[in-house]
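Okay, everyone, thanks for coming.

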Amino acid sequence: MEKITMNNSLECPVVGIGTFMLAPPDAENSVREALRMGCRLIDTANAYVNERAVGRGIRASGVKREEIFLSTKLWPSEYENPNAVDETLERLGVEYVDLLYIHQPAGSWLAGYRLLEAAYRSGKARSIGISNFEGAYIAELETKWEIVPQFIQVEAHPYFTQTELRKTLARYDIKLMSWYPLGHGDKSLINEEIFASLGKKYGKTPAQVILRWHIQMGFVVIPGSKNVAHIRDNLDILDFALTEDEMAQIAALDKGVRYYHRTNEQLRQFAAWRPSFES
Ligand SMILES: NC(=O)c1ccc[n+]([C@@H]2O[C@H](COP(=O)([O-])OP(=O)(O)OC[C@H]3O[C@@H](n4cnc5c(N)ncnc54)[C@H](OP(=O)(O)O)[C@@H]3O)[C@@H](O)[C@H]2O)c1
């Protein structure tokens, strides 16, 4: 598996699997099957309410824990819970995670970031990250972090390439992990003519061409799927390369438009909501 090196010298696989909106049985199944196919990066979150299922999938796969890069996220309801990290590890059934994010810049997010820093220092998180901290949020955190994060997880795809944010990331060598890499399955993105024609050239599906574009942008990509054939396809993107000209043609699709528009009211709601964790 191809890897990128983070700003703390540790490595992360360039492609993995995401588990957003996967109910526990699907999450367990997708994680187990992906690992058996050679996937080594799994992304989940407190808020997906499937961390126990992800843990079961990992154990059922037979793949050794140390070979897996496991990423999860603290939800805002947990930012002031001093046991949030231990409770997250307990649900996953692991002693450490490879990457621990704060999920949203909501509620007491600086307290949440301090939890990450403490987890990093104690070895419970081998790397740390921020999710959805674009614009003013990363600008404020930049003045307050004691440990520079290794990752930011944000919406990114050929229609929205995070041009502004990447200028800040470059200063600190913070890596970008794309969410909604396939536009959350949006057919208008996947059906863009350029992906069909490049797919024909390389013997790949349009989705594989989009995922290849992400990793050539330097992004780490975590497509979500409960379809075993899609999971296999999504991992099979390391044996071809788009040319500079093809990357430029895809860049022309950038509309600067997101699928997901978060409001301040939603941030308030995020802070007020506590996930019903699996018991
Ligand atoms: N930090 C955040 O706030 C945040 C927000 C959203 C997502 N995320 C993370 O990012 C991950 C990816 O985002 P996402 O899962 O929402 O969206 P996505 O990966 O862009 O799209 C997932 C959709 O694409 C379909 N799909 C997957 N592989 C395909 C293929 N090869 N061909 C055709 N369709 C395919 C899936 O359907 P099938 O199941 O039928 O394959 C599913 O409907 C999440 O799972 C989560 O880990 C993070």
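So, helix H8 (residues 193-202) and helix H9 (residues 206-216) pack at about 95 degrees, and their axes are 8 Å apart. The axes here are lines fitted to C-alpha atoms, for helices over the stretch in contact, with angles from 0 to 180 degrees between N-to-C directions. That's why we call H8 and H9 roughly perpendicular to each other; the label covers 65 to 115 degrees, while under 35 is roughly parallel, over 145 roughly antiparallel, and the rest oblique. On the H8 side the contact uses Phe195, Ala196, Leu198 and Gly199, and on the H9 side Pro206, Gln208, Val209 and Ile210. Contact means C-beta atoms, placed from the backbone, within 7 Å. By class, that's six nonpolar, two polar and no charged residues. Nonpolar means Ala, Val, Leu, Ile, Met, Phe, Trp, Tyr, Cys and Pro, charged means Asp, Glu, Lys and Arg, and the others, Gly among them, are polar.

Quick housekeeping: this is a predicted model, where local features need pLDDT of at least 70, side-chain atom pairs count only at pLDDT 80 or more, and totals for chains, interfaces and linings use all residues. Residues are numbered from 1 along each chain as its sequence is written. Helices (H or I, at least four residues) and strands (E, at least two) are DSSP runs, numbered from the N terminus.

Now another pair. The axes of H2 (residues 51-61) and H3 (residues 84-92) come within 7 Å and cross at roughly 45 degrees, which makes H2 oblique to H3. Glu51, Arg52, Val54 and Gly55 of H2 meet Thr88, Arg91 and Leu92 of H3. This contact has two nonpolar, two polar and three charged residues.

What about the inside? The largest nonpolar core has 73 residues, and those touching the most other members are Val15, Val31, Val97, Leu100, Ile102, Leu116 and Val221. H9 turns up again: it gives the largest share of this core, six residues. A core here is a set of buried Ala, Val, Leu, Ile, Met, Phe, Trp, Tyr and Cys residues joined through C-beta atoms within 7 Å. Buried means 20 or more other C-beta atoms within 10 Å of the residue's own, exposed means 12 or fewer, and partly exposed is in between, again with C-beta atoms placed from the backbone.

Definitions and conventions
Contact = placed C-beta atoms within 7 Å.
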